[in-house]
Amino acid sequence: MSRYERWNDLLSLLAGRGRLSVEEAAAELAVSTATIRRDFDQLAQQQMLTRTRGGAVAHTVTYDLPLRYKSARQASEKQRIAAAAAELVQPGAVIGVNGGTTTTEIARALATRADLHAENGAPAITIVTNALNIANELVVRPHVKIVLTGGVALPQSYELVGPLANGVFDQVTLDMAFLGVSGIDVERGATCHNEDEANINRQMALRAERVVVAADSSKLGERAFAKICGIGEIDILVTDASADTRAYEEAGVKVVPA
């Protein structure tokens, strides 16, 4: 178990119980008490819990880890999914990309595709995104034209949301939208945890000729709070090759295994 996975598990335990001792956490996660003490101290420094004598109590902030910590979870699967998704893009395309760990990997895969480097130095693709981290990584790539929405920044996902973000999508059309999601279910469609994120993701999908959901197998069959779009609005699902995707194919979604 990586440090980031362990932190996520610790915060989940705290969310359910409200309080944890060092010994309880060590037993739950099968690690040493010294490791848990270091974890508690580091999480307390980031104001994600409150340290107590002998343990920790739940903080009032969200227990969802910031994107930089989540990126280590299921990294190899996400990179394979990203590579397969990036292959769907044609030179000259205008692409929408929302925030998230998998979509960040897609952006990186697009940035390193040799055939997308125009000889004259002009942009070979245009990426419209509401994710600050994606814009930050790709703005230095001369073959990628970056369009960044406005909006209010969410510290957990680095996404810009709100009316200023949504307004951009009234002015553009997209060949393809890549959506990272918290869950995708045949009955409920694509969902995420935050209603503001769902709103801008929905706007992005509406402006796209094709909607591509990129999700590892842990997201399949899962449902989150806020609906992004229905299953009938999703054209392609890129996921693990080992995932059971029959229900999605029967619903009319093209599945690209990675």
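The structure is a predicted model: local features need pLDDT of at least 70, side-chain atom pairs count only at pLDDT 80 or more, and totals for chains, interfaces and linings use all residues. Residues are numbered from 1 along each chain as its sequence is written, and side-chain values use heavy atoms, leaving out hydrogens and water.

**The whole chain**

The chain holds ten helices and 15 strands. Helices (H or I, at least four residues) and strands (E, at least two) are DSSP runs, numbered from the N terminus. The radius of gyration is 19 Å, close to the 18 Å that the globule rule gives for 258 residues, so the chain is as compact as a globular protein of that length. That radius is taken over C-alpha atoms, and the rule is 2.2 Å times the number of residues to the power 0.38. The C-alpha trace spans about 60 × 40 × 35 Å along its principal axes.

Of the 258 residues, 49% are buried. Buried means under 20% relative accessible area, exposed over 50%, and partly exposed in between (1.4 Å probe, protein chains only). Now take the contacts (heavy atoms within 4.5 Å). Among those with a separation of 6 or more, 64% join residues 24 or more positions apart.

**Strand β4 and its partners**

Strand β4 covers residues 94-97 and pairs with β5, residues 125-129, in the parallel sense over four bridges. Here G96 stands opposite V128. Strand β4 is also joined to β9, residues 174-180, by three bridges, and these two run parallel as well. In β9, M176 is the bridge partner of I95. Two strands count as paired if DSSP finds at least two bridges between them. In a regular strand the side chains alternate between the two faces of the sheet.

T102 is found in helix α6, residues 101-111. E197 lies in helix α9, residues 195-206.

| Residue | Relative accessible area | Residues touched |
|---|---|---|
| T102 | 4% | K78, I81, A82 and A214 |
| E197 | 14% | L154, S157, E159, V161 and C192 |

How far apart are T102 and Q45 in sequence and in space? They are 57 residues apart in sequence and 27 Å apart in space, C-alpha to C-alpha.
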